[in-house]
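Below is a short briefing on one protein model. It covers the overall fold and then a single residue.

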Amino acid sequence: MQSQPFHSRASLTAFGTYVPEQVLDNAGMERLVETSDEWIVQRTGIHERRIAASTEFCSDLCFAAVRNMQERYNCDLSDVDFILVATSSPDTYFPSMAARIQGEFGIAQCGAADIQAACAGFVTALQLANGLLLTGAHRKILVVGAETLSKITDYTDRTSCILFGDGAGAALLEQSAEGCILGSFVSTTGAGGHHLYRSSLAPAINGHPIKMNGKMVQNGREVYKWAVSQLPQGIAALLARCNYSVEDLDWFVPHSANMRIVESVCEKSGISLGKTLTSVADYGNTSAASIPLSLDLALQAQRIRRGDLVLLYGFGGGLTEAALLMRWTL
Ligand code: UT7
């Protein structure tokens with residue numbers, strides 16, 4: 001693939017996360033469905049997940065992640081001029097979670113919108129924020145990925161309920177002369193949309209009848225096959241477009257869907273697991289929150305450093321993919 005010029009005005013200036021207190025470990029899962037710690041760990045790499053309290057909703061997780069960011073980076077949010085929230089499990093479709101953040105933090109003058117791109121949502125929101133900064137119309141954008149998947153998980157379906165957990169991450173992108181985003185990649189396989197969905201109004205996707213229970217439904221095997229065949233191509237395409245190779249990467253941060261998917265993609269792409277950041281063992285699959293949670297585990301362990309070359313790769317319902325190559329600027 002030919003290299004193409006890519007423009008960025010975005011600099012990452014602050015970062016924060018939040019996970020609910022309640023832990024649901026595999027022993028707890030064994031009490032809910034016919035499963036075992038051994039099966040879950042072997043097939044997914046998950047040991048535990050966090051579950052929001054019955055009174056705690058997506059907006060609360062968003063607020064907590066933003067507050068965590070403020071505490072850690074002492075950042076001023078009064079001049080944020082756009083808020084983007086990636087989520088598949090908002091408390092309400094409207095008002096958006098982004099509008100709720102605006103209200104909670106009393107940000108005087110800013111746009112607000114939620115992004116629906118499932119597990120590719122956080123990276124998609126970063127891509128959109130980069131574009132908004134590039135136009136010059138916006139200077140400071142708050143991007144949040146937040147999920148309360150436990151509220152839309154079907155706990156009678158043992159093949160999927162063992163995967164999901166709750167959490168949130170927030171990032172502040174500000175205009176700077178030297179942008180930190182070096183390139184991006186997107187791809188969509190809409191024909192496979194019925195393999196992973198949450199129903200709302202229509203009883204079919206692509207002509208396939210779907211379960212109308214308002215919960216997440218997944219054909220795990222199909223999504224698994226799709227992910228392990230798509231990601232190596234996407235990684236190679238993005239790196240070639242930016243004139244980098246896998247050897248140049250300091251960190252690969254795939255969506256933490258399942259450790260087996262991550263291992264297979266790393267093997268096919270020639271990326272060492274030692275350079276790969278995940279949150280799946282501690283938090284399960286947290287969809288739009290998984291990439292920020294993985295980044296934060298590494299930040300807390302002082303593994304990521306300013307200047308590191310980082311490849312983020314979200315993928316999931318849609319079926320959607322969104323990847324981004326960036327220099328870490330914190
Ligand atoms: O975040 C969005 C993207 N999502 C993903 O990337 C998820 C992709 N898919 C997956 O992660 C995996 O497909 C799963 C973890 C969901 C399932 O793993 P699998 O290795 O694909 O299992 P399977 O569905 O092929 O089932 C294998 C066996 C079956 O038994 P038989 O038919 O071989 O006798 C299942 O009934 O495992 C059985 N099984 C379980 N056994 C114990 C399925 N779920 C469980 C369970 N505990 N929880």
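In which strand is the place of Thr-320? Thr-320 sits in strand S15, which covers residues 320-327. This is a predicted model, in which local features need pLDDT of at least 70, side-chain atom pairs count only at pLDDT 80 or more, and totals for chains, interfaces and linings use all residues. Residues are numbered from 1 along each chain as its sequence is written, and side-chain values use heavy atoms, with hydrogens and water left out.

**Overall fold**
- The protein has 10 helices and 15 strands (DSSP runs: H or I of at least four residues for helices, E of at least two for strands, numbered from the N terminus).
- The C-alpha trace spans about 55 × 45 × 45 Å along its principal axes.

**Burial and contacts**
- Of the 330 residues, 57% are buried (under 20% relative accessible area, with a 1.4 Å probe and protein chains only).
- Of the contacts between residues at least 6 apart in sequence, 75% join residues at least 24 apart (contact means heavy atoms within 4.5 Å).

**Thr-320**
- Thr-320 counts as buried because its relative accessibility is 15%.
- A polar atom of the Thr-320 side chain lies 2.9 Å from the backbone oxygen of Gly-317.
- Leaving aside neighbours within four places in sequence, Thr-320 is in contact with residues including Ala-117, Ser-187, Trp-226 and Phe-315.

Notes:
Buried means under 20% relative accessible area, exposed over 50%, partly exposed in between (1.4 Å probe, protein chains only). A polar contact is a pair of N or O atoms within 3.5 Å; within protein, one must be able to donate a hydrogen and the other to accept it, and residues adjacent in sequence count only if both atoms are side-chain atoms.
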